[in-house]
Amino acid sequence: MSMNREAYRLANEIRTDFQADGDRLMERPEDLDMKTYEANALQEIRKEKRKARRTFGKMAVAACAAVTLLTGTVVFRQEVHAAIDRIAWSLENALGLSGDLADYREVIHTSVADKGYVVTLQEAVISEEKLTVNYTVQREDGQPMEQYLTPMEILYVNGKQPGGGAGGSASFLDETQTVLGVEMSYDIPGVDLSGENEFQIRIGALGSGNEVRGKWDFAFTADGAALMADTRRIAIGKEFTLPDGVTVTLEELTMNELEQRISFTKSGATNYIQQVLAVDSEGHQVEFGLRSADETSGYLSNEEIIDDGRLSDTAERVTMTFGVIELPEESGQITDDFEPVGEVFELELQ
């Protein structure tokens with residue numbers, strides 16, 4: 001598979017994507033480069049699985065969650081407001097999940113209009129160090145949109161910008177392209193989301209390139225206690241040595257209605273993208289791909305969940321193969337050739 005030039009351009013122009021203040025400056029520039037480089041490389045590997053959607057990723061912002069709205073709702077002309085109310089697009093639909101997030105999601109349906117566009121924050125759910133939300137974007141006059149105007153936002157937790165990354169996908173929800181649906185997941189490392197926190201999403205532009213600049217702000221409080229309480233945790237404790245000598249220890253498999261992930265620690269930075277291929281005792285095959293990492297830790301996420309592929313809740317065991325994909329140092333190409341590392345192992349799930 002060839003990695004497109006746009007992904008490499010984004011990786012090479014990382015400094016234009018980061019805020020020039022806050023905790024992000026505590027990280028070395030080369031660390032930031034590698035994080036965004038990895039993120040864009042991973043997007044290319046996943047493209048074949050998401051042909052029906054436009055995917056995008058960025059490493060400049062961190063995140064929030066939603067329970068109680070603190071800001072007011074903008075009042076629209078009656079016909080515009082009625083049109084917005086008719087849109088029903090849940091997080092399950094946005095993520096391609098068949099599971100039920102009703103016990104964990106917050107239904108917000110709050111709309112803000114500016115510069116002729118209406119952004120609606122539909123629903124949100126938070127899990128451990130992560131927030132997932134879905135937006136809709138429309139023209140206020142109801143006319144079709146000619147491009148993907150995805151929100152470009154800054155996220156705050158308790159008034160501060162936490163370090164972390166974000167990525168998601170977008171697609172039009174109707175054939176006439178009048179409603180754009182956007183799902184976003186935000187990593188929030190180092191923040192306890194099990195207790196109540198205050199969050200803000202400040203959207204300053206829609207789209208990139210010929211963006212529409214304006215102000216679409218949301219604020220709310222939330223905690224993720226319910227989903228965290230219903231998360232299954234299975235210890236792994238397997239150590240692997242990568243071809244460059246870096247050691248990676250798979251620590252824990254966690255599973256809930258929103259996601260399945262494998263957390264890990266590592267001894268240092270590496271040019272290898274970690275993956276785990278898994279087959280449960282009921283025959284379900286899934287791939288855990290690198291979603292978030294720094295020099296010492298990170299996690300792999302089940303990439304098949306968007307197609308409702310997950311390890312079964314009733315499976316007794318799972319067989320896992322750990323491996324890597326090497327990032328090219330100079331070439332504009334990356335392959336998805338999976339190189340197994342270490343021995344195949346099994347986990348008991350029940």
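Me: A strand is a DSSP run of E, at least two residues in length, and strands are numbered from the N terminus. Which strand holds V118?
Reply: V118 lies in strand β4. Keep in mind that this is a predicted model.

Me: Why is V118 called buried?
Reply: The relative accessible area of V118 is 1%. Buried means under 20%. So V118 counts as buried.

Me: Which C-alpha distance is given for V118 and R139?
Reply: Their C-alpha atoms are 6.1 Å apart in space. In sequence, V118 and R139 are 21 residues apart.

Me: What makes K215 exposed?
Reply: K215 lies in strand β10. Its relative accessibility is 55%.

Me: How many residues lie between K215 and D114 in sequence terms, and what is their distance in space?
Reply: K215 and D114 are 101 residues apart in sequence. From C-alpha to C-alpha they are 6.3 Å apart in space.

Me: What makes the contact of K115 with D114 a salt bridge?
Reply: The closest N and O atoms of K115 and D114 are 3.7 Å apart. The cut-off is a Lys or Arg side-chain nitrogen within 4 Å of an Asp or Glu carboxyl oxygen. The pair therefore qualifies.

Me: Are K115 and D114 buried, partly exposed or exposed?
Reply: K115 has 52% relative accessibility. That is over 50%, so K115 is exposed. D114 has a relative accessible area of 22%. That falls between the limits of 20% and 50%, so D114 is partly exposed.

Me: Where is N158, and what is its phi?
Reply: N158 lies in the loop between β6 and β7. Its phi is positive, about 55 degrees, although N158 is not a glycine.

Me: Why is N158 called partly exposed?
Reply: N158 has 43% relative accessibility.

Me: What about E259 and R261: are they buried or exposed?
Reply: Both E259 and R261 are buried. Their side chains meet in a salt bridge, 2.9 Å from N to O.

Me: How many salt bridges does the structure hold, and which residues are linked in a network?
Reply: The structure holds 11 salt bridges. E92, R105 and E123 are linked in a network of salt bridges.

Me: Which residues make up the patch of negative charge on the surface?
Reply: D244, E326, E329 and E339 gather there. Asp and Glu count as negative, so the charge of the patch is called negative.

Me: How do you know that E329 is exposed?
Reply: E329 has a relative accessible area of 71%. Exposed means over 50%, so the label holds for E329. E329 lies in the loop between β17 (317-326) and β18 (339-340).

Me: Which residues have the most contacts inside the largest nonpolar core?
Reply: They are Y135 and L206. This core has 34 residues. Among the elements that give it two or more residues are β3 (106-114), β4 (117-127) and β10 (212-222). A second, separate core has 32 residues, including L250 and L349.

Me: What makes E295 partly exposed?
Reply: E295 has 30% relative accessibility. That lies between 20% and 50%, so E295 is partly exposed. E295 is found in the loop between β15 (285-293) and β16 (297-302). The C-alpha atoms of E295 and K266 are separated by 7.0 Å.

Technical notes: Residues are numbered from 1 along each chain as its sequence is written. This is a predicted model: local features need pLDDT of at least 70, side-chain atom pairs count only at pLDDT 80 or more; totals for chains, interfaces and linings use all residues. Side-chain values use heavy atoms; hydrogens and water are left out. Patches are made of residues with over 30% relative accessible area and no salt bridge: like charges are joined within 9 Å, nonpolar side chains (Val, Leu, Ile, Met, Phe, Trp, Tyr) within 5 Å. Accessible areas come from the Shrake-Rupley method with a 1.4 Å probe; for residues, only the protein chains shown count as cover. The place of a charge is taken as NZ of Lys, CZ of Arg, CG of Asp or CD of Glu. Helices (H or I, at least four residues) and strands (E, at least two) are DSSP runs, numbered from the N terminus. Buried means under 20% relative accessible area, exposed over 50%, partly exposed in between (1.4 Å probe, protein chains only). A nonpolar core is a set of buried Ala, Val, Leu, Ile, Met, Phe, Trp, Tyr and Cys residues joined through side-chain atoms within 4.5 Å.
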